[in-house]
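Visitor: I would like a close look at a single part of this model, and then to hear how it sits within the rest of the protein. Could you pick a spot in the interior and take me through it?

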Amino acid sequence: MADEPLDSYEDWQQVGTAYYSRRELYPIDWSARGLNLAFLRVYGGAAGGPIAAFRDDRKVVLYVGALTKPDIQLFTAAGSSLGRVLWDKGRIQAVGWTPEEHLVVVDDRGQVHIYPVQGGQSIQQVSLGLECEQEGIADSVVFPDGVVAMSPLRHLWCIPNLGEPRVQRLPAPCSQATPVHCLAAIPPQVSASGSLEVVVAVENTLRVVDANEVLPTPVFEGPIVRLAASPCGKFVGGYGQDGTVHIWTADIADVVTRVGVSETVDSFLEAGLGGAEGAGSLPQTPPDQLVWCGSDGLALFWEFCSGLLLVTTGGEWRWWECDASAAFVPEVDGVRILTNQGHSLLRRVPAALVSVLELGSTSPGALLYDARRLCALLYDARRLFDAQDARATGELLDILKAGDLPAAVTSCLRAAAAELDPRKQEALMKASCYGRAFHASDIPMRFVRPPYRRHLAMAAPSMQVTFSGGLCAPSLSQASCYGRAFHASDVPASCYGRAFCSLDPAGAKALPQDRASRMEAHEVARQLRVVNTLRDPGVGIPLTLPQLAREGLPRLVGRLVGRRHYLLAMRIAEGLGVPQEQVLVRWACDKISTSAGALGDEALLDALQAKPACRPPDKEFAYDAAKLAGRPGVKYARVAAHAQAAGRRRLAALLLEHETCAGDQVPLLLDLGEDDRALDRAVESGDSDLVFEVVHAMWRRLERSQARFRPSLFNYMQAGEQPRATPASQRFWAAVARRPAALAFFAKYHRQSAPGLLLELYDALGRHEHAAELHLALAQEMIAAGGSHVALDYYYYYYYYYYYYFF
């Protein structure tokens, strides 16, 4: 292993007592795509999300073409095209992304349009209300899962959750004549109150608006012309017209820090932004963009000077040179920067990474990392540990004597989790495993495999670490086993797995004190493999582990499915224990949509069900694991509902034959007109409510199908006629009569609610004795209730049935 890849660190810059790094994620040549970010409005999704770009109608550009509407182009974070939205609505007021990677567009007429990540047609459209449409939109903010809009009359409307779109009108923060400069939203998920809070800059103060009231604040340093809420919801940052950067707590009750731009002149010149004019070139206008860099500080960008100013919550600052055409996407642990040349991440270097990789660091983790790097040099020189070079274990012995080895192992592991470079991740993981091999100092000899016992016996005189088996086992010997473990390591997960190849499985069970540490290392290795795979340009999701922790694996799998990376989604779901149902169902639905008329219903069902004889190349629609056959927990009803919506009713019926949940299967069978199958399935399930639902649905459909009024049994008898059942009703009664359980449920339910309907059933089935008994029971009930005149009618029909049909 060479030193150069491990020492080529990012450009770490010290800001106060912390370090910040700017690392390139992807080199992107936007000009090759015919785009120039200087003339575009760019909006990126959080957690490595996609990018939406469209022409900025606020800038004058030479445009030649027939279309004047700004079509929205969608890209991955690596610059690959995802799709396009052909915009034909009103003027775009605000754009954002939901956590599920749905594009949200708010126009100036109060309409909220939601599009899939692939573009195309809108999947949902929500109106902010008639009054909002009439007044129009003056300002709007799209936050995760919601929208806030303000009209020119200073009225506020919001949708706190786009998953359940309910429009709410918030109290007006001020009168119509009062100037409003900007607003920011604190989402309900991170706000202290648990509900949506809107911070509005009114005149020279700030006001906090929630669903019930408008709260004044002690801020009078305005006017505040830029506002932004931190991702954690604990801070609000703003820029005043006097050139001061403010950071407050979320309730605007306390000032966290306040920095004037004029105070940053030294850093401005040091960054090479001042030019010949010196301090006179400091920006005197509001920043073009103001976003949070994680929750550690505010990032302010001015186009004219190509400068980026970072102001931390501790009151420190630093200037960076940046491309004149840049767009910023706030993240939970940094800020992504999009320029015409590429895509980079500016973040605070995690403390675990600083403690290990900082120049001159003497922390246990740094010493362990240095010891591991020295062992790598011995590998390259073919001396390995057989050379008995004391330098290989000198620093490690110091850690052992000081008792800092557990802390060193943990530091290297956490540094690996915070690192973005896979090569450095591997080196740090190896350093952690290397230290753990020395740390396991009480391994029973019977758990060590025979090929390695010789190493332990040979090194016994040099070290005095006693094993429970009665032999002495030195740390150097364990390191030799460690070296053997990594002879073919290539990825962090395999590095960890092979580190313990010298132990039998029972040995791991005998070490409960190391089990938690091992599980943590294993989990970190798996997560690193996931984020490294997602960061590949072919996928284009540059996640970090803090972003992954906040995003959650189920949502990440859903995002991959939305981008149609079915193979990758299945592998991540299988490897990390995430339910695979959403992947399979979405794959099947997309398969049905893309097949159109190319395959018949039976052939398409076989394609969804059967596994191929041999594994095909890794293609999204050819992954053999993404088949529905033999996959427990797959909801065929959801696939069948999609097939029905696509007009393939026969395919939907075939798919429902494989559904195991009667509660999901029966309603769809009724929608498909498969009444007999629905009734059979309901009876087999033993669910009385489900049987009632099917029978009632069949009866309501029968009533709607009758073109003329159907007299009841009593109407026929009063006219001196016999009831005449229609063919449709005869089929219904016959279907119920063939299933005794359904007949019993139907009779029990309608005995009190609709006895006339039950009498008609008995008459249609020829069960006159049951009809007579029902009349007699009804007459007795009416006498008990005091309705003697009605009881006489029931007695009359009882004797009518009894004598007419039996005598």
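**Around the nonpolar core**

Guide: Of the 77 residues that make up the largest nonpolar core, L534 and L655 touch the most other members. A nonpolar core here is a set of buried Ala, Val, Leu, Ile, Met, Phe, Trp, Tyr and Cys residues joined through side-chain atoms within 4.5 Å. Buried means under 20% relative accessible area, exposed means over 50%, and partly exposed lies in between (1.4 Å probe, protein chains only). Before going further, please keep in mind that this is a predicted model: local features need pLDDT of at least 70 and side-chain atom pairs count only at pLDDT 80 or more, while totals for chains, interfaces and linings use all residues. Residues are numbered from 1 along each chain as its sequence is written, and side-chain values use heavy atoms, with hydrogens and water left out.

Let's start from L655. Setting aside neighbours within four places in sequence, L655 is in contact (heavy atoms within 4.5 Å) with I592, L605, L608, Y636, V639, A640 and A643. An α-helix has 3.6 residues a turn, so residues three or four places apart point the same way. Just after α19, G647 adopts a positive phi of about 85 degrees. Helices (H or I, at least four residues) and strands (E, at least two) are DSSP runs numbered from the N terminus.

A second, separate core holds 21 residues, including Y239, L273, L282 and C305. Two of those names come up again around S306, which is found in the loop between β24 (297-302) and β25 (307-312). S306 is buried at 18% relative accessibility, and beyond its neighbours within four places in sequence, S306 is in contact with L273, F301, W320, E321, C322, D323 and A324. C322 is itself buried, with a relative accessible area of 6%. C322 is in no disulfide (a pair of cysteine sulfur atoms within 2.5 Å), as the nearest cysteine sulfur, that of C305, is 9.9 Å away. By this rule the count of disulfides comes to zero.

L25 sits in strand β2 (residues 18-27) and is buried at 15% relative accessibility. The C-alpha atoms of L25 and L345 are 6.7 Å apart, although 320 residues separate the two along the chain. Neighbours within four places in sequence aside, L25 is in contact with R336, H343, S344, L345 and P542.

R336 takes us on to the charged pairs. The side chains of R336 and E331 form a salt bridge at 2.8 Å, N to O, where a salt bridge is a side-chain nitrogen of Lys or Arg within 4 Å of a carboxyl oxygen of Asp or Glu. R336 is buried at 1% relative accessible area, and E331 is buried at 2%. K424 and E419 also pair, at 3.9 Å, N to O; K424 is buried at 1% relative accessibility and E419 at 2%. A further salt bridge joins K430 and E426 at 3.3 Å, N to O. These two residues are four apart in helix α8 (residues 422-439), so about one helical turn separates them. K430 is buried, with a relative accessible area of 7%, and E426 is buried at 16%. Elsewhere, salt bridges that share partners link E101, E551, R559 and R563 into one network. By this rule the count comes to 19 salt bridges.

Finally, here is the wider setting. The protein has 29 helices and 29 strands, and 51% of its 807 residues are buried. Among contacts between residues at least 6 apart in sequence, 53% join residues at least 24 apart. The protein exposes about 35900 Å², with carbon and sulfur atoms supplying 52% of that area; accessible areas come from the Shrake-Rupley method with a 1.4 Å probe, and for residues only the protein chains shown count as cover.
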